[in-house]
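The following exercises are to be worked with the sequence and the structure at hand. Each task is followed by a solution in steps.

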Amino acid sequence: MESALISGKTRVCGIIGDPIEHTMSPVMHNAAFRQLGLDYVYLAFHVHQEELDKAIDGMRAMNIRGLNVTIPHKVAIIPLLDKLDPLAEKIGAINTIVNDDGMLTGYNTDATGFLQALLESGIKPEGKKVVILGAGGASRAISFILAGRGANLVILNRQLARAEDLAHWIAQVFPEETEALVLSEENLSLTLATADILINTTSVGMVPDINETPVPAELLKPSLIVFDIVYNPIQTQLLKEAESAGAKTINGLDMLVWQGALAFEEWTGRKAPLEVMKQEAMKALGHEN
Ligand code: ATR
């Protein structure tokens, strides 16, 4: 439904990051606000690291209702907030802020959005052997939420020390087995032979390097569930090859939409129109169906 564009009562949400121009979030959220006839607007703000504290002061001063937070601010922003949701506190990174009359609370809907995308596909992580590629910020949120749901993790990373640090941290919190290995063809072959789920959290295969894949095609098999969190392109080389191998696949768009939807619900108290958000993100990514 169409409503007046901007009024004296319009509530403001947005996203802060550096760089920020390529974000899909404004199209998703503005479409969702329009769909529900909500007097809200969502903008992208380019915020440099050294001005993060001023940006958060501005959020309070101008009563901005909510912000998404992206690279490189997801960890550095934490001391500037008043409260953290318990999951966000454990993960040590946030991607969503809710402003309740000056009280700023941080959430991590990357983690919960990832989990929703998985559950929505009918996959339960409990007791599954999950091979996770990458040990950066995204892997941290995903590894934590999966370990919390009783999955057994093997984290493979190019820099072994980062995988070891992450596995060590997970092992301190959860009883499930968590292993760390260097990302090599040999270790992929070894671990994928008995894995239920493979998750790519690295940037391998992202535009412009769309022909790259972190896993040789011959290691993919029909019994594997392959989740690539890269969403540009929506169907990465890894997902193409997984599909050819007969594996079930989940793409990064589902996680992108879910993390946005969960933030939207925190800001507005309304159920997010997931399908509209997904269609708009797809259009923005150059898919017209
Ligand atoms: P994010 O927040 O998206 O996870 P990040 O913290 O920069 O971003 O992490 C990027 C991840 O992609 C890391 O695991 C990185 O591996 P290293 O820790 O070894 O750098 C991984 N990565 C990026 N480019 C890669 C490549 N060409 N091959 C393998 N791994 C790569």
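**Exercise 1.** Is Asn-63 buried, partly exposed or exposed?

*Solution.* The model is a predicted one, in which local features need pLDDT of at least 70 and side-chain atom pairs count only at pLDDT 80 or more, while totals for chains, interfaces and linings use all residues. Residues are numbered from 1 along each chain as its sequence is written, and side-chain values use heavy atoms, with hydrogens and water left out.

Step 1. The classes are set by relative accessible area: buried means under 20%, exposed over 50%, and partly exposed in between (1.4 Å probe, protein chains only).

Step 2. The relative accessible area of Asn-63 is 37%, so this residue is partly exposed.

Step 3. Asn-63 belongs to the loop between α2 (52-61) and β3; here helices (H or I, at least four residues) and strands (E, at least two) are DSSP runs, numbered from the N terminus.

Step 4. Its backbone has a positive phi of about 50°, although Asn-63 is not a glycine.

**Exercise 2.** Determine the location, backbone angle and exposure of Asp-101.

*Solution.* Step 1. Asp-101 is placed in the loop between β5 (96-100) and β6.

Step 1. Its phi is near 50°, which is a positive value in a residue other than glycine.

Step 2. Asp-101 is exposed because its relative accessible area is 79%.

**Exercise 3.** Describe the surroundings of the ligand and its polar contacts.

*Solution.* Step 1. The residues around the ligand are Gly-134, Ala-135, Gly-136, Gly-137, Ala-138, Asn-157, Arg-158, Gln-159, Arg-162, Thr-202, Ser-203 and Val-204.

Step 1. This shell divides into 3 nonpolar, 7 polar and 2 charged residues. In this division Ala, Val, Leu, Ile, Met, Phe, Trp, Tyr, Cys and Pro count as nonpolar, Asp, Glu, Lys and Arg as charged, and the others, Gly among them, as polar.

Step 2. A polar contact is a pair of N or O atoms within 3.5 Å; within protein, one must be able to donate a hydrogen and the other to accept it, and residues adjacent in sequence count only if both atoms are side-chain atoms. A ligand oxygen lies 3.0 Å from a polar backbone atom of Ala-138. For Gln-159, a polar backbone atom is 2.8 Å from an oxygen atom of the ligand. With Arg-158 the side chain takes part: one of its N or O atoms is 2.8 Å from an oxygen atom of the ligand.

Step 3. Of the 640 Å² of accessible area that the ligand has on its own, the protein covers 69%. Such areas come from the Shrake-Rupley method with a 1.4 Å probe; for residues, only the protein chains shown count as cover.

**Exercise 4.** How many residues apart in sequence are Ala-167 and Glu-177, and what is their distance in space?

*Solution.* Step 1. Ala-167 is found in helix α6 (residues 160-173), and at 6% relative accessibility it counts as buried.

Step 1. Ala-167 and Glu-177 are 10 residues apart in sequence, and their C-alpha atoms are 9.1 Å apart in space.

Methods:
Near = heavy atom within 4 Å.
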